Amino acid sequence: MLQAKQELLAALAAGLEQLSPGAADKAAFESPKVAAHGDLACTAAMQLAKPLKKNPRQVAEGLREALLASPAFQKWVDAIEIAGPGFLNIRLKPAAKQEVVREVLATGAGFGQQALHGRRVLVEYVSANPTGPLHVGHGRQGALGDAICNLYATQGWNVHREFYYNDAGVQIQTLATSVQLRAKGLKPGDAQWPEAAYNGDYIQDIANDFLAKKTVKSDDREFTASGDADDLDGIRLFAVAYLRHEQDLDLQAFAVRFDQYYLESSLYTSGKVDGVVQRLRDAGKTYEHEGALWLKSTDYGDDKDRVMRKGDGSYTYFVPDVAYHITKWERGFTKVVNIQGTDHHGTIARVRAGLQAAGVGIPEGYPDYVLHTMVRVMRGGQEVKISKRAGSYVTLRDLVEWTSKDAVRFFLLSRKPDTEYVFDVDLALAQNNDNPVYYVQYAHARICSVLAAWGGDAGTLAGADLSSLEHPAAANLMLQLARYPEVLTAAAADFAPHDVTFYLRELAAAYHSYYDSERILVDDEKLRAARLALVAAVAQVLHNGLAVLGVSAPQKM
């Protein structure tokens, strides 16, 4: 069907060009909102009516005649109907719909993917400070980042996954002090315990391992403790390595990986932060006021100028961000996506202003941002707000252990990133149709059971005669399969993996409806092969779509 749609789209472009030179770019098909109206719809006639100074239905009539005369429409289309003010509703021949089954079976895991084009994209996500376990908000970011990377990969991009973390600054010093106090026998609630200190049980775990002179190793570092409670610098290095290791375990449990970990401290030690500040000063984009150095960010659309260097000589947090993004540009990443919490919204304008003011050739609007809200967790009808281990929040590992990696990923991806989400642990454990991930996975497992009961060679199904697949439920299923490549393209363009979850639920629903409408393992060999080919194609697309989300496609439930 993809080939059929391409041929029909080319014929539509030619027909529009014939009616109005230059109108070929309006060639596009939509899916009718009501299935009874047809298989494809076109609104181009209404768009051309005004420039042609004609009634939309008159334009639609002329376009309909031109299309029906084209070889492509004669080959693939049963009828074209004009509805309303000038809609063209197109009904495809059964052979056009059936063709998608062959396309899916022929391309397998590659169905829906575009050819490599050589362009590179860097996606930065999670980027949690190494001051505690990953919380459920980091989980949402991890699921979003991984799925967006996978979506870009389906569109032919070379994807680089990056984790940026703050291994210096006030929060890290607070972490070191908290661990030192625990190592010296103090605990939360004691008179000498600072209000700003970290209170979770994990702080005591770090202190115990430090005193035991243990060695910790993470993806990017290794450190052996001295065991000396007065060695604050050693405690800091040990605590960061310890928590990086803990975060590695969280990410492994969630099946999230990175190509590179980028340290904020490296921006200082390499001189990149001082370098970008000097560049901005030399360009005349800064000024001194009340002992601080300010960036003229209002010149670039910010609502007010921003302090870069405070009176005590320290830099504000957006300055290393500017230096970091310049390194992304210098590494050849002209396309960059940052996935962050909505609390970072205020930094967007100032970071972009700094990048523009630096004059290194970075275009406006760089980088792209995907901002997500936090996640509330419900369990047993009550909101869960804290974890004993973390002290003040529910950890990602808690959520995975309570449910599963698949449930957490699918649930956290099932809403737009900027929409508040309530994670219902009880629903994630339910084995019924109300649980969306179970519903989709069950459709895949159900097909696998049918194929196993058949017991034949699935490789032979690609050559099946599909002409008998004319039942309305089968036709709907094939139309759903044909939508998949377009869903991927749109979801990648809009940073919208939630659209893939919606699609998979619709495809699963179409399969369950088909399963209830027609027996698959019938005695007629030709008919059986056609129906098996159809459901095998559905299983393949369910598998492909779940893989984009980082969710497994089980053969049994």
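**Close-up views of a predicted model**

**View 1. Surroundings of Lys335.** Lys335 touches Arg120, Val121, Leu122, Tyr152, Trp157, Tyr366 and Asp368, leaving aside residues up to four places away in sequence; contact means heavy atoms within 4.5 Å. Strand β12 (residues 335-341) contains Lys335. Helices (H or I, at least four residues) and strands (E, at least two) are DSSP runs, numbered from the N terminus. The side chains of Lys335 and Asp368 make a polar contact at 2.7 Å. A polar contact is a pair of N or O atoms within 3.5 Å; within protein, one must be able to donate a hydrogen and the other to accept it, and residues adjacent in sequence count only if both atoms are side-chain atoms.

This is a predicted model with residues numbered from 1 along each chain as its sequence is written, and its local features need pLDDT of at least 70. Side-chain atom pairs count only at pLDDT 80 or more, while totals for chains, interfaces and linings use all residues; side-chain values use heavy atoms, with hydrogens and water left out.

**View 2. Tyr366 and its neighbours Trp329 and Pro367****.** The structure holds 19 aromatic pairs. In one of them, the ring centres of Trp329 and Tyr366 are 5.4 Å apart and the planes stand at 90°, so the pair is edge-to-face. Rings of Phe, Tyr and Trp (its six-membered ring) pair if their centres lie within 6.5 Å; planes under 30 degrees apart count as stacked, over 60 as edge-to-face and the rest as tilted. Trp329 belongs to helix α12 and Tyr366 to the loop between α13 and β13 (368-372), so the pair ties together parts 37 residues apart in sequence. Tyr366 and Pro367 are joined by a cis peptide bond, with omega about -5°. Pro367 is in the loop between α13 and β13.

**View 3. Packing of helices α12 and α13****.** Helix α12 (residues 318-330) packs on helix α13 (residues 345-358) at an angle of about 55°, with the axes 9 Å apart. Axes are lines fitted to C-alpha atoms, for helices over the stretch in contact, and angles run from 0 to 180 degrees between N-to-C directions. The contact is made by Phe318, Asp321, Val322, His325 and Ile326 of α12 and by Arg350, Val351, Gly354, Leu355 and Ala358 of α13.

**View 4. Backbone at Val126.** Phi of Val126 is near 65°, a positive value in a residue other than glycine. Val126 is placed in the loop between β4 (120-124) and α6 (136-154). Most residues other than glycine have a negative phi.
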